[in-house]
Amino acid sequence: MKKLKYVYKIAGLAIAVLLGYMLLQALMEIPFGTNRMFVAERFIFEEPYEVGAANTVTAIVVNYRGFDTLGEVTVLFIAATGVALLLHRERGIRLAPTETTLVVKTGARVLLPAVLLVGLYIFVHGHLTPGGGFPGGVIVASALILMYFAYEEYVAPRSMLHLLEGIAGLVFVIVGILGIIVYGRFLQNVFPLGDFGRLFSAGFIPIVYVAIGTKVGSELAGIIHDMIRRGGESE
Amino acid sequence: MVTIVPSLIIASLLGGAFVMTAVAPFIRRMTKYVPSIVLLFNVLISLRLLLKSTNEPVVEFIGGWEPPYGINLVAGPMGSFLALIISLIAFLISLSFLKYEPTVEEVKFMILFMLSVLGASGLVLTGDIFNLFVFLELMTISAYALVAYGRGGEGAEAGFKYLLAGSVAANFYLISVILIYASLGSLNMADLVSRMTMLKYGVALASMLFLVIGFATESELFPLHGWAPDVYTGAPPSVAAFVSGVLVSASLYVLARFFYTVFAELNALRSEMFAILMLLGVLTAIFGETVALVQRDYRRMLGYSSIGAAGMILVGLVSEIPYAFIGALLLIVAHGFAKVPLFMMSKHLEENYGTRDMEKVKGAFKANSKLAIPLVAGSLTILGMPPFLGFWGKLLLIYGLALKYPIIALIILLASIVEAAYYLRMLHRLVIQDGELKKQIKIDTVELVIYYAFLALLIILGILPMLLSPYLAGAFIELSNPSFYIKVAMGVMGG
Amino acid sequence: MSDLGTLYYINVVAMVVIGLYIVLTKRNVLKILIGLDILGTGVNLLIVVIGYIEGGTAPIYTAGISPAKFVDPLPQALVLTAIVIDAAVLAMAISIAVRLYREFGTLDVRKMRLLKW
């Protein structure tokens, strides 16, 4: 049977290389670095007037193609729910012991609010600076992960996280439905565009990014919780 | 105040899922009603969209941005029809959640189910190729979790295989999308139609190749079907039915949509690809039906039958023949409806007799006529017997194929005969033969309702298939006539 | 075409090929997942690479920079979505892997053949 193993490996290599070769051939016909934009041109030039965000990418992510972002947020939600579902059998035993010293424990307590603030800042300013809901939410989650590392007994408030997760998601959906009520189209912006470059500008982008940041933060923290503590619910 | 727009289908499922998440730690009991309520709502919405689709198809520009700048949801005859079937199948499956007080895990199961339906619904309605990727992932990632939730090692193994195959497939599709965007600068299906001729040959070929590999995997076509038999055996029965009836059908739709509409202008490559797809379909049909013949496990048999059916449906879809195409759509419905009771019944076998081996459960349903009837009806539907819907599907498919490809029609006919053989054998074993097992199986009222609801639908549509014909014909026109699709998608027709 | 472009493309293809090879041939569950990650990252890299415009700068409105010099912002938005989706899939995959280990006691896929034929 040893020969069979080699057959598999060679076949696998052959398939992968063949596909890679076809891909490379195709890519070589796409000139790198040239301006081939079509749809994006309008985004770049019209966006300050239509959306009002200084960060063009944010304008696309949240407004022009906000539907994709809604889907993406939902995918993360699916992952969090799926992880909780699959790892739920055993109740609440901490499986990743960490021994830490007083220095780490104190340091974590001091850092916690700072990290949370950084994360919060990033997602609140998503329409003005690089970043936005997703990186901001990840940073917020990492603050909670820090607590898990430092304190073995630490348990994130799971029900609270679920509540936040659900409410944040609903905020996004409600913003979308407002578009249906006012204009007959999902996710059409009903909020004022404000002054370009200020915090309260760009319509619903700050609202959505805060919602996304909260959702991502609570979801990732929940996923880590489920993996470390095997999903014991604090009900 | 609230106009009937396709996004309501998405928003309702999403809102329902979020509400359930927020509320479940506090009032779990009430959550079990949410999926059924939301899905019933979606059935009504998609029905309304379908009824309008032939005269005034509804198109929604998400965010208010007109395509190709914004994403559009196109409720044409094809999209609304599929959305309706998806919602209907999902609704009836969701009734099974009403049986008991849900545990914490079961609430999550329901949420994931709703989100998979969301993915499938969005997939068939979207007019944007990247948005399609997002909905594909939504549909399949939740399915991975649903499958992995199956009993013990089987569930985990099946879930893992499905995840691997599906993720690679999705990545391949994404490569295809990026190749297209990098060359043409747009992501909107309707907009891309006219730009396609600007694609360099190598890029077009690679794009089509990766697309086909990706979605052939998702549609369980030979030889990329490897994940499917395990999923059908290892996943919870309702999930198996859902994958077979909804996910696979949605994936087949994508293949049809791309090659009929998006790539419409690339004539030479397109004809080659249609030929390849037809070949794949035929091979899949032959493979699926033949292997099903030697199966002893009830669910594995149904799984290979599903693969075979997917092959037949694909052949009809890509034949470019109206009769065959409509037959394929009818088979999507018939197959989707029939497989649910058939799969769900394996639960009775497992719970009462502890095995799915058909050799060991002779006469299992003989004393339980309430179960035997839907079992027989479902099987006959798949075989293509009147008065069930499957009859019209098979008839139109084979007749349509015979007009241009008589040999293929003959192959499909032979495959159907093989299908008949093993279904009748299964029925003989489970319903007719005498066995030592003569338990009176306890059945929940809810389950009976589900089985007989599908039975009723199959009979009604079997007797009155003309209820569907204008929409199916409209679907064919929408796909095969790109200028019609473009007009609809860009909002020139209707609202 | 510029050598830099070719280099990037080769990089992308290499990652895709390596990732695919690992998924197709390796037997250890965790290695397979790493291969899946490499494949996904390769595709994400491709998305970013095709958005580049020679001499361009970040597409954020800043004092003194003309929007005509922006690189394509659309792929950046797409890749954001793709990265998050990849991360979600991996989280899901790892929890399935945990289940697999619990059920089979091993991470060798050859030993997980409950479902035959």
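## Where R48(B) sits

R48(B) is found in helix α2 of chain B, which covers residues 34-53. Helices here are DSSP runs of H or I with at least four residues, strands are runs of E with at least two, and both are numbered from the N terminus. This is a predicted model, where local features need pLDDT of at least 70 and side-chain atom pairs count only at pLDDT 80 or more, while totals for chains, interfaces and linings use all residues. Residues are numbered from 1 along each chain as its sequence is written, and chains are lettered from A in the order in which they are written.

The C-alpha atoms of R48(B) and F476(B) are 19 Å apart, and 428 residues separate the two along the chain.

## Where chain B meets chain A

Here, 53 residues of chain B are in contact with 51 residues of chain A. Contact means that two C-beta atoms, placed from the backbone, lie within 7 Å. On chain B's side, α5(B) gives the most, with 10 residues.

By class, chain B's side has 35 nonpolar, 13 polar and five charged residues. Ala, Val, Leu, Ile, Met, Phe, Trp, Tyr, Cys and Pro count as nonpolar, Asp, Glu, Lys and Arg as charged, and the others, Gly among them, as polar.

## Where chain A meets chain C

This contact takes 47 residues from chain A and 39 from chain C. On chain A's side, α1(A) brings the largest share, 13 residues.
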